Every structure is written in structure tokens, then in C-alpha cells.
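Welcome! Open your viewer and take this short tour one selection at a time.

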Amino acid sequence: MLIAAILFMVVLGTVIFNFMSPWTFLELGSNWALIDFTVLVTFVICGVAFVILGLYMVWWVYKYRYVPGRLAEYEPENPKLEARLTIITTIGVVVMLAPGLVAWDQYVRVPPDATELEVNSEQWKWSYRLPGEDGIFGFAHNKYITFENPMGIKDGDPYAEDDIIITSQTVKIPIDRKVKVLLRSKDVLHDFWVPEIRAKMDSVPGMVTYFWFQPTLLGEFDVLCAELCGRGHHTMRGEMHVVSLDEYETWLGAQLTWAEMKAGAVPLSPQALQGRSIAESNGCFACHSLDGSRMVGPTWTNLWGSTVQMEDGTSLVVDEEYVRESIAEPDVKIREGYGPEMVAAELTDEEVAAVIDFLKSQVQEESSEQVESVE
Amino acid sequence: MTDATAPSTTESILTSTARDWSSDVTTFKGVPWGKAMMWIFLVSDTFIFTCFLVSYMTVRMTVTDPWPNPSEVFALAIPNELFGWQFLESPIPVPLLLIAIMTFVLISSSGTMAMAVNMGYQRNKKGVVLLMSATALLGFTFVAMQGYEWSKLIFEEEVAPWNNPMGAAQFGSFFFMVTGFHGLHVSAGVIYLAIIAYRVGRGHYDKTNFEIVEITGLYWHFVDLVWVFIFALFYLW
Amino acid sequence: MATEGQQHPIKIYLLVWALLFVFSAISYASDYMDDGVIRTSVILLFMILKAAAIVAVFMHMQWERYALIFAILLPPLALMVLMTLMAIEADYAWATRVEYMGEPIAPEPKPPPTHRH
Amino acid sequence: MATAEIPYQETVPLHHPKTWLGKYVFSQDHKVIAVQYGITAMAVGLVALVLSWLMRIQIAFPGFLEGFGADEYLSSITMHGMIMVIYLLTAFLLGAFGNFCVPLMCGARDMVFPFVNMLSYWVYLISVLVLLVVYPLMLFTDIQATGAGWTLYPPQTITAGTPGADWGIVLMLASLAIFIVAFTMGGLNYITTILQARTRGMTLMRMPLTVWGIFIATFLGLIAFPALFVSAVMMLLDRLIGTSFFMPAIVSLGQKLEYSGGQPLLFQHLFWFFGHPEVYIVALPAFGVVSDLISVHARKNIFGYRMMVWAIVAIGILSLIVWAHHMYVAGMHPAFGFFFATTTLIIAVPTAIKVYNWTLTLWRANIKLTVPMLFALSFVLTFIMGGITGLFLGNVIIDIPLSDTYFVVAHFHMVMGVSPILAIFGGIYHWYPKLTGRMLNDTVGKIHFYFTFVGTYVIYFPMHYLGFVGVPRRYYETALGGHFPDWYPVSAHHLNIFITIAALIVGAAQMLFIYNLVHSYFKGKKASDNPWGANSLEWRTPQTPPSHGNWDERLPTVHRWAYDFGVPGHDTDHIPQDVPRKESA
């Protein structure tokens, strides 16, 4: 009768685990209480069904165990019982489905007073765009993307000029304001997800997807990518800060519009420009950021000439020799806190020199303490 | 179940279906194994071609680049001179001329195949071999014409599977993929027909029956059927 | 019965053969019509008529028992669901391209190169 | 039913080879082909098992494995998933069980076209080799197995940021296309055999549920695999010659690619138009096998046979119109959520009926707790758990927070990983005596069972809760730099360590099973013709193991359903299908 005991333990253990488990949804940070409610309804119905079916099984396995010579009851079918069970199941299914469909209806119908936030995703970082004062986004398409125009904004679109471009991985939104999130992707599928908000949606290149929510909880939340997007998938983490309206306005005022960004672009020397395009075409910027943020590899901002810690405890100054070696044989010296993920690039001496020129152009005089601030 | 296969006039459709499906031994009464298997294979193949065509529909509806007008792309000009004899003032472009001819060739081959099947049931070996060979020949003609059409598209209109100077690149992609896949089916069918015709001629099936001809026929008609849809949905639409 | 198989008068094959030629000719003629609902209907109607004639007569389906007919004709209904939903989906994706990416709405295709005709 | 008047009954021309090679390697005997399928599937399954160990070790002890980086991790999840779903489960349930059970249970001498059946296995073997050749290639070249996840979603499958985007994916797609060819050859045979080559008296409504499950699953396979085939062809073209079926304009890692205008969601729709029926291609044969095991070993008729059959048929039909419930967060048309949530929850009704009927079969039965029965019982409980979590994910709004988390991983491992595997084990313990003439060792079997059932339950049940917290799946390293965020607390990591240890133990316990299979083949107790006292035809063959051709000159004639257990007024507790009615009275 071991099996009856084990089955019973499994059913009992399941129930106990469920109530003892410290693991459950994080505190709800948005208006989507209806999602949590639907989960609860489903939990109760399914849990009761599981326990009833499991206990019946245990009981009958125990009670009707083999006795030599005994005949089982011959009962091919019992239409009445089967019909009754079908009806009960159907009722249960309807009870679970109904709140789900109501909630989905709310989920896909964006309230007219929602403000828009565009989330741009690429391997493996997030960036954001706000529609600016006119409340209308300028057109954007991947085919217009250049280094200076990272969002692919259509040239000459009057609505685009006041769009606010946020290249940082952190975005702030004011509490209690309904937000319609528009999702775009530069390269592959990604999925913008904040566990506390509950809502998520894939971003798909070649189309624009959306969802909406209303943040109800102040705090700093992690933005995760929830759709496998390549080797850096697990490192693709941004931040969403839900803040008071005042703080939001202050933050917003400090952001650049598209027009300002175009006007304020710092010209690079021809050699540094060439170095940038070499780095770009070799995919360096997939892992090395230019804004000080941590990605798969170390940032390039203020990298040149700085002193860096190696995995083996030594430290060195980033100079030409080190850069050359790291490009040709990236596995030899690994920075502390990073993995041996980098693939060697085959560059000529002139190309490396150009890249170094670009690295030099990325040293900002004012501060070097910003480096690596985002872990 | 006195006569398993006689068409019944007194039974309703549902009764007949239910009775066949609840009988023993065979569900499709009077249908030989090979034929049943071919039918089921054709259902599966239908799903393949329909998935291709549904993909074509989806992508064509989604792209924002212009979709070329197939009637112009596949136009063929009637020449104004032949062997130095000028009989027209200038060439007359006729839309879809080659495609129309290909359609008629394939329909003709379907007709000869149907006749071959009929001959098979009359155990007319000579007729079967002749008609099947004719079918294979027509099928071969079709493939050859398709080859010509492909070369014309590639070299004259500069359309490649990945590139299309007239608009959406997917026009070329789908054209080559769908007609190519159909062309492969036709080519396989030609080989299949040739083998079966040869074996019929050698007397391989004299001792049993000529069901194989009908099975081959099912496949061949299916290939024709697919072309009907490609013709309407790709060339005309 | 199976030893006799699907034996039918030659006449019906010839008739269907001729019909197929006629239907194809009409389909082809639709190319000279103006674009619109009528042309589309003509294309679809004659596509279905041709397909039906081939399946029913050449493939002998009209002489098969209903057990087989249903088994062959019902499964493709799933494809109708796929087709309908994909049409809706394609339309939706296209609309987002127009609305957010500034893609032109139904631009004119370039004519094929004529210089070599 | 006047069976004598059947005017036309075809026979399989049996191929009797003389050579050893012809008898055991290029055999056209469905039983040999079944064994070949089974052994190949198990071998490739072991590869997937090792991959799962590597992944679990990486999850619990990041950095412990030298040289197991993000690339290797992602290619491991991809290969593990694809191998388990296609090359192990589909191949085992249809290739091995289908081949073994269908002719024997229908009372046929063999499959209708034995040669095509043999080809099916060899083409399957080629597909497996093409799939696995990537591992030797990884050792000697730069080629990497694809790491796009088993769903192979474009654009990432063929862009540079994904491991194996250059040639690994080509091998994977080629292997899938070859597998589909192999499956089609086999599947056509199973269906035609079931429909056209049953023995006299064997109506569809007398067929054992195993055959019903295999029948509907094969049919689903024949109409669902084409969608995968088409998407594989189109993706191969995108990858190799630069078409843009699935590829819109893309800037990949700073480089503009030559694609424009394609629609990535089209691939997802095609994939799941195959992928959802695929779930039932795996589940339905398992349902059938478990129904038979429960009935035979509980010595009681299966409760509500007709409902069980219609439930299988209904599930099969409905499974074709629920595919996009895998895509609720994919960004498809918003209204699809209503349609697919509704159809998905409708499918829960026939599935629930099956669970009720298995449970009700136990009522007033006379349950023999043999090893196959233990596996069948554990299947039911595991499947209930997997099924009800399916109700969570099928309901569109609940899927929003849970999709792409460990909840999904736990759910599908319960419902289409562990459950069918338990059914497969049960089936092997059940049919091994007929296949080899020897019994499997009972004690080893029971130890193997408890490790497998309890072990897999403690692996996957707690995993659901990781999903609730919000741990995303397919993360190479969740706590980056030793930092544990809210959605991955330290306690969750401890749970992951526990799961990993359980997984290592369960995996190791499978060696017991392999030992049992091999050892019992030579040293096992001799089996009688019908050791379990079952009714279906495979236990009524004149020889054990059945000879090539299965029966003597005369095929058996069927007089009753396969579930006449405990018929009142009868001296034995079971009446085989070929016992005439008057004798049994």
C-alpha cells in the first residue's frame, strides 16, 4: 500500500507547500488587481478539483486493492454521472473564463486619457521615447536607423522634433498616470516586463505592439526581457522608477528632445568616426555601452586611460597594448565581474588605431566616478 | 453489410457514413490500401500547399512596399516576325500568355491521365502506357515552360528571390518558392508516371490489377489542382 | 467491386475536360477586366469550379462513399480558420506599419522594365 | 454483422529475409522497427537528459561548469527541448508504440506497406544524425548548435546575436524537415492500417484506447507537421538565400541587414499551428496507453469507453483551433485573445472527462499494484497537476504575468514532459513481456518508479512558484554579479539548488531502468503468453514474442471490446476480445 501512502503524501504535500510557500506574486504595483483576482479564482477552483480527485484516487487505490478471486464491478458507463460531471466542469470553466475575458477586454482597450511611452528594445538594452509637448510621436522605422539616429526617426517629420529621446536604460513615470506602452524592436523579439506591474508584451520588429497600465506603487522596479533574445538575454535589464509628479517633471525637464539631440551632437574627428563605424560593424556596441551603463562587457565611456581590475586580482591601465590584445585575444585578460563572452575580432593595425581614437573621444573630462554606476 | 461498396440510394448521407465508420475490417469500403494511403497523403500535402499560400496571403497583406501586377510582369509579347517574315507591325504584349498556355498544358495532361485510368480499368495495357506517356510528356513540357518563365523573370525582369526592382521583395520570394515547390511536385510526378508506365508495359501488374494507375492518377490530378489555386491566387489576383 | 473499381463512361471525362478548358479561358479572360469585386468573384468562382470538377470527376470523388468524402474534405476546414485569422492578423500588422512607421498606404508599383521587350 | 461476406480483404505481402542483416537491421517487421525506433529515441533522449543536467547545474551553481557559457546554455535549452518533444516523445509514442501496438491490437499481420514503414525508421535515423552531428562539429569547428529556443522564433534564430545563427540553425531545420518526411511515411502507414486493415469483428468502437490515441495523434501529426515543414523551408530560405518572409528591416548589433517587410509573427502562427497539435500528438497516445494500463491492472472495464473515445476525437479537433494561446504576449491582434482563451478552456472539458473516467475506473475495481499500474496512477496525478496549470495559462489574462516564467516551464514539463514519460515507462513495463518473452525485474522497476514519480514531482511542482515570483525562463544567470533582486530572492535560488539536486538524482535513477531493460532481456523471468491477463489482441498471439506476421494462417476474429473484465457470471475475471459471445455466456 506504499503507493496509496505516497500519493496521499503528494496531495497533502502539495497543499501544505502551497500555504507554507514564501514564493508568491510580488506586491501589485499597478491597476491590474483583476489579474490577481482571476488567478485567485482559478487557484481555488483548480486546487479544490486537484485535492478532490487526488483524495478519491488515494482512497480507491487503498480500498479496492487486489483480493484474489474478487470481481470488479462491471459498469461500462453511467451516462447520468458523466453528464453531471461534464456540467460541473463546464460551470467551473465558465467561472474561470468570465473574469479572464473581462480583464482581457480592459487590457486591450486603452483608456483615452492614457499618455504614451515608447519602449525601444535592441540586443541587449532598452531605450525610451516620449511624444513631447504635442503628444504625437514622429514616425520611426528601422530603415532610418543610423548611429546619430538610434530610434530611426523619419527625417523631416514635424511631430518628431519635440519627441523626447531617453537613451538611458532607466525611465521614470509618474504615479497614478495611465500609461500606454508602445513597443518597438530594432532587431529581434524582446518582451518588456516589470513583474510588479504584471503586464507584459513582446516587441516585434516590423510592427508596433502595446499594452497599458496605471502604476499605483512608488518605487524602483526592474525591467526584464521576457522573450529569449540571444546570448545576452539575461543581462537585458532596465529600470522603471515610479515617482511623484514633481520628481517626474524635474526629470523630464532634464531630458533632450530630438531637435536638441540633433543640434547638440558633438562632432568627432574623421579617424574617431572611422573607428566608431568599425566598432559598429563588428557588433561591439551590443556588449559595450557608450553611456556608462553596464552591459555584457564593460562600458567604453571613460575607459581609455583608466585603471581597471582584472579577474586574477591584478590591475592595469587601459593603453594601446591592452586594447590590441583584448581585441585579438579577448580570453587572455578578463575584467573582474565579467565573463569570457567576447568573440575575437580580426582587425588590421590601422583599424585598431581608429578604434582607439574613438575610445579616446569617449573620455569625458568632468567626471570619471559615473563609470560602472549601474550594476 | 451485404454489399459493402454498392452506392446506396435509400440511406441518408449520415447513416451511410456512420455505418461505414462503425464497420469492421475497412472503413473506406472497396478502397484499396494504396489508394487510401494516397488520399491521406494528399490531405497532408494539401496542408503543405495551403500553408504556403496562407503565408503568401499574410505577407502580401502585411508588406507596405508595392506589390507588382503579375499580369504585367508575366506578359509575353507575340513576336512580329518569324524567320524573317514580318507579319505584324510591332510585337503585341499579351498578359499572362505563357501562364495561360501552361495552364492548358497541365489541364490537358490531367485529361489524358483520367483517360489512362479509365483504360486501366478496362485492362487496356497499350492504352494505359500510351496515355500515361502522353501525360508525362505534357508534364515535362510544363516543367520546361516553367523553366523558361523562371529564366525570363530572372534575366529580363531582374527578379531574384531576395530582390525585386518593381517593389516588394517578397513577390519574387513567394513566386520562386511556391512555383518551385509545385514544379518539384510535377517533376516527381513525371518520374512517377514514367516508372509506372514502364512497369505496366512490362506486364508487372498483369496478374493483379491496375489500381496503381488510379493511385498515380490521384497524385497527378492533385498536382493539377494545386496549379488551379496558384493560377488564381498568384497570377490573377 | 474493387476489382472493377472506378469505371465510368469516357463521355463524362471528355465533358469535364472541355469544361476545364472553358473555365480556364474565362479565368484567364478575367485578367482583362477592371479590378474590383466582380473580377475577384470571377477569379474565385472559377477557381472553385475548376477545383471541384477535378476533385469530383477526375479524382472520382463523386463516386466514392461518403465515409471517404468526409474524411478527405473536413480536415481542411482547419485551414479555413487559419486563413481567416491570418488575414485579420496581416491587416492588423499592416495597420501598425502605416500608423507608426509612416509607411505609404498602397503606393503604385513600379512598372516592369520594358526596355527589353 | 455478417463478417463472412466481406468481398475484398487485402493481405500484407510479408517479406521474409534470410540474412541476419535483413532480419534484424533492415527488417520490415513492425515489431523490429518499433524496437529500432524505441532504442534510437531513448539514446537521443539520454543526450537531452545530459543537457538538462548541464543546464540545471548552471542554474543552481553559476560558473561551476567551465566553458559552459551563455552560448552553450542557450544551445542546450534548444536541443533539449527539440529532442524531447520531437525526437524522443513523438518518435517513441508513435514510432515505437505506434509500430508495435497498431498491427497487433488491430489484428493485422503487419503495417500495410512494410517497406515504407522500414524507410520511415531509416529516414528518422538520418534526421537524428543530422541533428546530433552538430556536437562533433562543435568540437572541431566554429559551428555552434542553435540557441534560439525550441520555438525557433525569427528574427533571433538567424541573426548574429544568437548562438548557432549561421549553421546550427540550418542543421536543425534540415533535421526537422527530414523528420517530417520520416513521420509522414510512418504516419500514413499507421492510419491506413487502422482504417483499412483491421481484423474481422474489429470495429472502431471495439479498438483499445491505445490505438485510438495513436490514430488521432497520427492524424493530427499528418495535418500539423506540414505547417512546421513550410515554416522550416521558409526560414531556411531566409537564412540561406536572403528572402524576407519572416524578416522585417533589422539593425542587428549595429549592422543593417538586407531584409525588409517580412512578418515575424507569421512564423509564430505557423509554428504553433503545428506546435499545439504536437502537444496532443504526444498526449493522446499517452492517454490511450494509460487508459489500457489502468483498466487491465485494475481488473475493471475502463469507465465510459465511448466518452473516452469521443473525448479523444474532440480534443483532436479542438487542438487545431487553439494554437495562438501560446502567443498571448506575442503582440498579435488583440481580439484573438478572446477567441483562443475560449477555445482553450473548452478543450479542458473533454480532458477533464478523461481524468474523471480514469479515476472512476478505480472505483470498485480489483487493483493489482503492478509496476505498469504504478506508472499509470502516477501519470493521472501528474497529469491533473499539469492540466490545471494549463487552465491558468490558457486563460489569456493569467498568461500575461506568467508567460515566459518558470511557471510555464513547470507546466509543460508536468503535462507533456513527465506525464507522457510516465506513460511510456508504464507501457514499456506492460508490453516488454510480449516483446521479448521475459518479464522486467519487479523490484528494480518499483525503485525506478518511486524515484521517477516522486523525484519529478518535487522538481516541477515547486517550480510553479518560482514563476509566480517572476523568475523568467531561459536566463543563463539570474542573479547577475551575486545580486538577488526582488523577483529572484535568495530563497528562490535555494529552491533552484534543491531542484537541481533532485534532477540529478532522478536522472541518475533512469540508469536503473536501462539496466533493467538490458538485464531482463537476458536473465529475466520467462513470460507467459498473457502475464497480465489482458484482453486485447496483442496478448492472444500464438507465439511470445510474436513471430513475423503475428498470427497463424487465420487472423483472429474479434467478438467484443477490449475491456471485458469482471463480467458477472463468468469464471475468469477477463474475457479476451477473440472469445466468441456464446462461449462466454
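**First stop: one helix residue**

Select D:Ala503, which sits in helix α15 (residues 490-523) of chain D; helices here are DSSP runs of H or I with at least four residues, numbered from the N terminus. This is a predicted model, where local features need pLDDT of at least 70, side-chain atom pairs count only at pLDDT 80 or more, and totals for chains, interfaces and linings use all residues. Residues are numbered from 1 along each chain as its sequence is written, while chains are lettered from A and ligands numbered from 1 in the order in which they are written.

Is D:Ala503 buried or exposed? D:Ala503 counts as buried because it has 23 C-beta neighbours inside 10 Å; buried means 20 or more other C-beta atoms within 10 Å of a residue's own, with C-beta atoms placed from the backbone. Beyond neighbours within four places in sequence, D:Ala503 is in contact with D:Ser52, D:Trp53, D:Arg56 and D:Ile459, contact being C-beta atoms within 7 Å. Now select D:Arg540: its C-alpha atom is separated from that of D:Ala503 by 40 Å.

**Next stop: an enclosed helix**

Show helix α11 (residues 371-394) of chain D, whose end C-alpha atoms are 34 Å apart. In α11(D), 24 of the 24 residues are buried, so the helix is largely enclosed by the rest of the structure.

**Last stop: where chains D and A touch**

Colour the contact, which takes 105 residues from chain D and 93 residues from chain A. On the chain D side, helix α10 (residues 336-362) gives the largest share, 13 residues.

Definitions and conventions
Contact = placed C-beta atoms within 7 Å. Helix = DSSP H or I, 4+ residues; strand = E, 2+ residues; numbered from the N terminus. Expected span 1.5 Å × (residues − 1). Buried ≥ 20, exposed ≤ 12 C-beta atoms within 10 Å, placed from the backbone.
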